[in-house]
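Q: I would like to learn how to read a few structural features, one at a time. Please give the general idea and then the case at hand.

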Amino acid sequence: MSDRIDFMNLKRQFQNGENEFLDCIKKVCRETAFSGGKYVEKFEKEFADYIGVKYCAGVDSGTGALQLAVRALEIGSGDEVIVPTNTFIATAWGVIHNGAIPVFVDCTNDTWEIDYTKIEEKITDRTKAIIGVHLYGQPFEIDEVKKIADKYNLYLIEDCAQAHGAMYKGKKIGQYGEVACFSFYPGKNLGAFGEAGAVVTNNKKVYDKICLLKNHGSKERYHHEELGFNMRMDGIQGAILSCKLKKLDGWNDRRRVIAQRYLTDIKNRKIKFQYTPNYIKHIYHLFEVQVDSRENFIEYMETNNIYCGMHYPIPCHLQNAFSFLKYSEGTCLNAEKLAKSCVSLPMFPELTDEEIERIIDACNKY
Ligand SMILES: *Cc1c(COP(=O)(O)O)cnc(C)c1O
């Protein structure tokens with residue numbers, strides 16, 4: 001039996017940079033810069049430069065970033081926010097935990113990103129914002145969504161948790177929205193050694209507010225100006241992220257090479273690819289495909305010792321957690337169909353050429 005190929009393998013990345021990573025951690029420990037502090041501030045500057053925005057606030061997770069972004073825009077009780085249903089559920093947590101209501105919109109049947117033609121019908125006089133998600137590492141149709149946001153005077157919030165370094169019409173995503181939220185969960189393209197996230201923006205007022213909120217509502221120690229949270233980034237995460245940020249473009253390039261191999265060499269018509277417009281730079285956080293009898297396919301791949309994922313098997317509008325919103329099956333048909341047929345092929349920069357060959361071969365023989 002050939003060696004196991006995992007859907008994702010973080011151990012290889014660690015092994016390749018072990019000494020460098022451990023040196024970063026040692027520095028933080030020796031200076032006891034554990035919560036916030038100089039390593040976090042250094043990373044915040046570097047990441048703002050990388051994305052091409054003025055401000056970056058490091059926070060405790062991508063979920064925290066979304067929650068703080070919604071709150072900083074003063075969206076709350078009674079408000080509605082447009083959210084794509086084909087996403088990881090955390091996109092909606094920031095809305096719901098501020099007392100607002102997520103209003104779910106279907107994805108398209110080819111890009112699997114938010115279908116902008118279905119947004120306007122969901123807008124009411126309570127709608128305050130649209131959260132667009134650059135899902136799988138592919139930017140959504142930003143210009144069209146932005147047009148709608150501008151027409152109805154809504155904020156555009158970008159959920160960039162899966163798209164560090166992706167580009168739309170030649171510009172990095174994260175600079176299009178009023179605010180943009182990143183996750184550095186370990187498995188993301190830029191991953192911390194634990195939980196971490198960031199909010200980026202060009203809006204000084206929003207940035208200041210997030211800095212206040214994440215730090216107990218306080219600028220000056222023991223003076224609390226408003227109801228706050230403890231949502232700061234750890235020093236160790238800041239140091240590790242600085243170190244890894246230098247490698248991100250190389251890793252993304254490698255993901256794109258692997259994706260190109262899949263796209264050109266998988267010829268099996270039973271496997272349907274995501275459509276990517278030519279003005280988009282996809283950075284393949286996930287390589288998602290559609291296969292009709294999905295469970296069959298996944299089992300078949302496992303007999304070849306190749307392990308796949310699914311993103312996501314239940315769309316947000318049908319999650320039990322949101323049953324009180326009373327969506328029924330049939331309200332977001334593209335997302336529902338995708339949920340039943342999506343498969344994520346193995347995708348991480350350290351996949352070897354031989355492994356890629358084996359994956360392609362197995363797909364073609366299915
Ligand atoms: C991972 C993810 C989040 C949440 O980030 P965490 O750091 O895990 O809290 C939010 N939105 C999307 C689309 C994600 O993939």
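Q: Where is the place of His285?

A: His285 sits in the loop between strand E11 (280-281) and E12. Helices (H or I, at least four residues) and strands (E, at least two) are DSSP runs, numbered from the N terminus. This is a predicted model, in which local features need pLDDT of at least 70 and side-chain atom pairs count only at pLDDT 80 or more, while totals for chains, interfaces and linings use all residues. Residues are numbered from 1 along each chain as its sequence is written, and side-chain values use heavy atoms, with hydrogens and water left out.

Q: Is His285 buried or exposed?

A: Buried means under 20% relative accessible area, exposed over 50%, and partly exposed in between (1.4 Å probe, protein chains only). His285 has a relative accessible area of 7%, so it is buried.

Q: Which residues is His285 in contact with, leaving aside its neighbours within four places in sequence?

A: Contact means heavy atoms within 4.5 Å. With those neighbours left aside, His285 touches Tyr136, Gly137, Gln162, Gly187, Lys188, Asn189, Arg255 and Met347.

Q: Why is strand E12 largely enclosed by the rest of the structure?

A: E12 spans residues 287-291, and five of the five are buried, so the strand is largely enclosed. Phe287, Val289 and Val291 cover one side, and Glu288 and Gln290 the other; these are all buried.

Q: In which sense do E12 and strand E13 pair?

A: Two strands pair if DSSP finds at least two bridges between them. E12 and E13 (residues 342-345) pair in the antiparallel sense over four bridges, and Glu288 has Ser344 of E13 as its bridge partner. Strand E10 (residues 271-273) also pairs with E12 in the antiparallel sense, over three bridges. There, Lys272 stands opposite Gln290.

Q: How do I read the packing of helices H2 and H7, and at what angle do their axes cross?

A: Axes are lines fitted to C-alpha atoms, for helices over the stretch in contact, and angles run from 0 to 180 degrees between N-to-C directions. The axes of H2 (residues 38-51) and H7 come within 7 Å and cross at roughly 25°. Angles under 35 degrees count as roughly parallel, over 145 as roughly antiparallel, 65 to 115 as roughly perpendicular and the rest as oblique. H2 and H7 are therefore roughly parallel to each other.

Q: Which residues of H2 meet H7?

A: On the H2 side they are Tyr39, Val40, Lys42, Phe43, Glu46, Phe47 and Tyr50. Their partners in H7 include Leu241, Leu245 and Asp249.
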